[in-house]
Amino acid sequence: MICEICVDSVAGVRAAKVAGADRVELCAALLEGGITPSRGMIRQARGIDGIGLNVMIRPRGGDFLFDDDEMSTMLSDVEIAKAEGADGVVIGLLTPEAEVDLARTRELISLARPLSVTFHRAFDMTRDPFKAIETLVGLGIDRVLTSGQEATVLEGLPLLAELIDRAGDSIVVMPGGGITSRNVERIVSAIKPREIHFASLDPAPSGMQFRRQHVFMGGELRPPEYDRLVTSPSSIRAVMTRASG
C-alpha cells in the first residue's frame, strides 16, 4: 500500500523520506487546507531523492470555484511544477453547481501530462460523488483524494467502500482526512485501499529567545506566533506500521 504524506516544508519531505513513505503532497499553508508552494520550495524539495513529489496546485484557500485570473495562475503553476521536476500535480476545480469543472480540469490535465494528476478533496464538496467520479474517470485522472464526503475518513467509510468498489482499476480512490495511528488499522481493514494520504504533525516550539508576545503577523483567527507543527518521522512510522498490520 502506497503512503502519501501531506507536508508543508522541505523539512517535511526529508522527514517523510526518513520514515520510509512513498510520496509526499507538497503544499503551503496547511491551515487553509493547502495551497501552491513556492517555486523555491518545489526546487529544494525535488533535490531530495528517493521519494515521490506531488505538488498542490491551488491559488488560495476557500472554495474551489476559480475565476479566470486564478485559472491562469494554476496553468502557470503547473508549468513551474513540471519544469522543477515534480512527479505529479494535485488539482481540484468545481462549478457553481458543485460539479467537476470539466473544461478547466481537462485543460490542466493536458498541460500537466505526462505527470501524474490527482483530484484533491474538492471532490468532497461535489453534489453527487458517483457522477463526479465518473467524470474524473472519463478525464483520465489518476487518483482522487477523498474523506468520503465526511469530516474524516472514519466517518466516510461507507461511501469510500462504495467508491472503491465502483472504481475498480479505473481510478485510485485514496482515502485522506483524519487518518492517525489510532484509526488506520480499522480504515485499512474496512476498505483495503491501494493508497492512503495523511499528515503527521507534532508541535515544535520556536527557537526564539526574545519574544514580543502581543504582536501577531496574522489576522483575528491565527496560529500561535512562536509555536508550529512539523512533520514527524516517528508519527509517520506509527501510522505506516499499523497500516501494514
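R60 is partly exposed, with 23% relative accessible area. That residue is a handy way into this predicted model, because R60 also has a charged partner: its side chain meets that of E70 in a salt bridge, at 2.6 Å from N to O.

**R60 and E70**
- R60 sits in the loop between strand 3 (52-56) and helix 3, while E70 belongs to helix 3 itself, so their pairing ties together parts that are ten residues apart in sequence.
- E70 counts as buried, because its relative accessible area is 16% and the cut-off for buried is under 20%.
- R60, at 23%, falls in the partly exposed group.

**E84 and R43**
- Here's another pair: the side chains of E84 and R43 form a salt bridge, with 2.8 Å between N and O.
- E84 is in the loop between helix 3 (68-83) and strand 4 (88-91), and R43 is in helix 2 (residues 39-46), so this link ties together parts 41 residues apart in sequence.
- With a relative accessibility of 10%, E84 is classed as buried.

**R166 and E162**
- These two side chains also meet in a salt bridge, this time at 3.1 Å from N to O.
- Both residues are in helix 6 (residues 157-167), and because they are four residues apart, about one helical turn separates them.
- In an α-helix there are 3.6 residues a turn, so residues three or four places apart point the same way.
- E162 is partly exposed, with 35% relative accessible area.

- Side chains of opposite charge can pair when their charged atoms come close.
- How many salt bridges does the structure hold? The count is 14.
- Some charged residues join up in a network: E4, R23, R143 and E195 are linked by salt bridges.

- Which residues of helix 5 (residues 129-139) are buried? They are P129, F130, A132, I133, L136 and L139.
- The cover over those buried residues includes helix 4 (102-112), strand 5 (116-119), strand 6 (143-146), helix 6 and strand 7 (172-175).
- After helix 5 comes G140, which has a positive phi near 85°.

Definitions and conventions
Residues are numbered from 1 along each chain as its sequence is written. This is a predicted model: local features need pLDDT of at least 70, side-chain atom pairs count only at pLDDT 80 or more; totals for chains, interfaces and linings use all residues. Side-chain values use heavy atoms; hydrogens and water are left out. A salt bridge is a side-chain nitrogen of Lys or Arg within 4 Å of a carboxyl oxygen of Asp or Glu. Helices (H or I, at least four residues) and strands (E, at least two) are DSSP runs, numbered from the N terminus. Buried means under 20% relative accessible area, exposed over 50%, partly exposed in between (1.4 Å probe, protein chains only). Contact means heavy atoms within 4.5 Å.
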